[in-house]
Amino acid sequence: MSQPKKRRRLKVEDYVQGVLEKNRTILAQAITLVESNLEEHMKMAQEVLQRLQPHTGRSIRIGITGVPGAGKSTFIESFGLMLCEKGHRVAVLAIDPSSTLTKGSILGDKTRMEKLSKHPHAYIRPSASAGTLGGVARKTRESMLVCEAAGFDVILVETVGVGQSEVAVRSMVDFFLLLTLTGAGDDLQGIKKGIMELADAILINKADGDNEIKARATKAELNRVLHYLHPATEGWKTKAYTCSALYGTGIEEIWEVIRKFQEVTTASGVFHRRRQQQTLDWIYTMIDEYLRARFFQHPTIQSVLPQIEKEVLSGRESATQAFKRLVQLFEEQERG
């Protein structure tokens, strides 16, 4: 009986050519390569990204976050399908800090957005697993570049879970959309002010049936609050809008808002400046992560840290003294 053929190992050229030819199988393999933590894969991934670089940056990058129960998956599916029908190619990427613990989504994004995942002009990729949120963010950003090189002109980056993921997504997108629910007044407490200040638009979903009047009231309330907040993007006024992802109302309107945003910020130079700043910030973020990992993974630091922590907690040593001692130890070991 003949042995099954072993799959040929792809070279840098194969990945680059496959992605540029919009080969979905090779696109998925290229993103898997980018997400890998193996040294050999990371080196190859950087070569692939370097070759794809001239073909990146031609999309609109949209971050989407939402309060629990806001119907984010339904919205992304409805929004994504509408864009695909208009001739756009849409990639959906997720940033899920919990994937560092669960090793991926429990159900997976394709289960949540079944129609969109089957559309020939859409591509959905669940969150990468990594040791830190920073690791997940790095991999998502590089996956985004691969998708752009494969011709996707709308990239949706979704936050799954709460906390710092919103800040991580804001740092890699052009436009940031916050999805919320109806309920004027008291329900606004559920939206953290910090997250509202990151948003370029706030969209009240489920504005249908009995909820429609409530949605209009929530919109008016939010616009009053937004009037006093510092805008997320220079030269752009953040406003609240309503939609029903279930019935498809208000979906085209929010796309027109995003297109207007791109037009206004491109004309003023803000769009280009933000992208440049994001690239520089990315370098510094990676340096911070690298140095932090190198410090805490050092065998000497790992062996002395528990004892030093005890001494600080018992009051025998101050936090500053402990910091200086640890850094001195690390530097001595590094010098050899």
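1. Of the 336 residues in this chain, 47% count as buried, where buried means under 20% relative accessible area, exposed means over 50%, and partly exposed is in between (1.4 Å probe, protein chains only). Keep in mind that this is a predicted model: local features need pLDDT of at least 70, side-chain atom pairs count only at pLDDT 80 or more, and totals for chains, interfaces and linings use all residues. Residues are numbered from 1 along each chain as its sequence is written, and side-chain values use heavy atoms, with hydrogens and water left out.

2. Now the overall make-up. The chain has 15 helices and seven strands; these are DSSP runs numbered from the N terminus, with helices being H or I of at least four residues and strands E of at least two. Its accessible surface comes to about 18,200 Å², and 55% of that belongs to carbon and sulfur atoms (Shrake-Rupley method, 1.4 Å probe; for residues, only the protein chains shown count as cover). Look at contacts (heavy atoms within 4.5 Å) between residues at least 6 apart in sequence: 77% of them join residues at least 24 apart.

3. On to the inside. A nonpolar core is a set of buried Ala, Val, Leu, Ile, Met, Phe, Trp, Tyr and Cys residues joined through side-chain atoms within 4.5 Å. The largest one here has 49 residues, and those with the most contacts inside it are Val 146, Cys 147, Phe 152, Ile 155, Val 157 and Ile 202. Helix α8 (residues 133-149) gives the largest share of this core, seven residues. At least three residues come from each of domain 1 (10-55) and domain 2 (56-268), with bounds taken from an automatic or database domain assignment.

4. Leaving aside neighbours within four places in sequence, Val 146 is in contact with Val 19, Leu 27, Ala 30, Ile 31, Val 34, Leu 49 and Leu 52. There is also a second, separate core of 35 residues, including Ala 70, Met 82, Leu 179 and Ile 251.

5. Helix α4 (residues 72-85) is worth a look. Eleven of its 14 residues are buried, so α4 is largely enclosed by the rest of the structure. Among the buried ones are Lys 72, Glu 77, Phe 79 and Met 82. From first C-alpha to last, α4 reaches 20 Å, close to the 20 Å expected at 1.5 Å a residue (the expected span is 1.5 Å times one less than the number of residues). After α4 comes Gly 87, with a positive phi near 100 degrees.

6. Compare helix α11 (residues 211-226), which has 16 residues and reaches 22 Å. Here Ala 215, Thr 218, Leu 222 and Leu 226 are buried.

7. Last, two lysines to check. Most residues other than glycine have a negative phi. Lys 22, however, has a positive phi of about 60 degrees, and sits in the loop between α1 (12-20) and α2 (24-35). Lys 206 has a positive phi too, near 65 degrees, and lies in the loop between β6 and α11. Lys 22 counts as partly exposed at 44% relative accessibility, as does Lys 206 at 34%.
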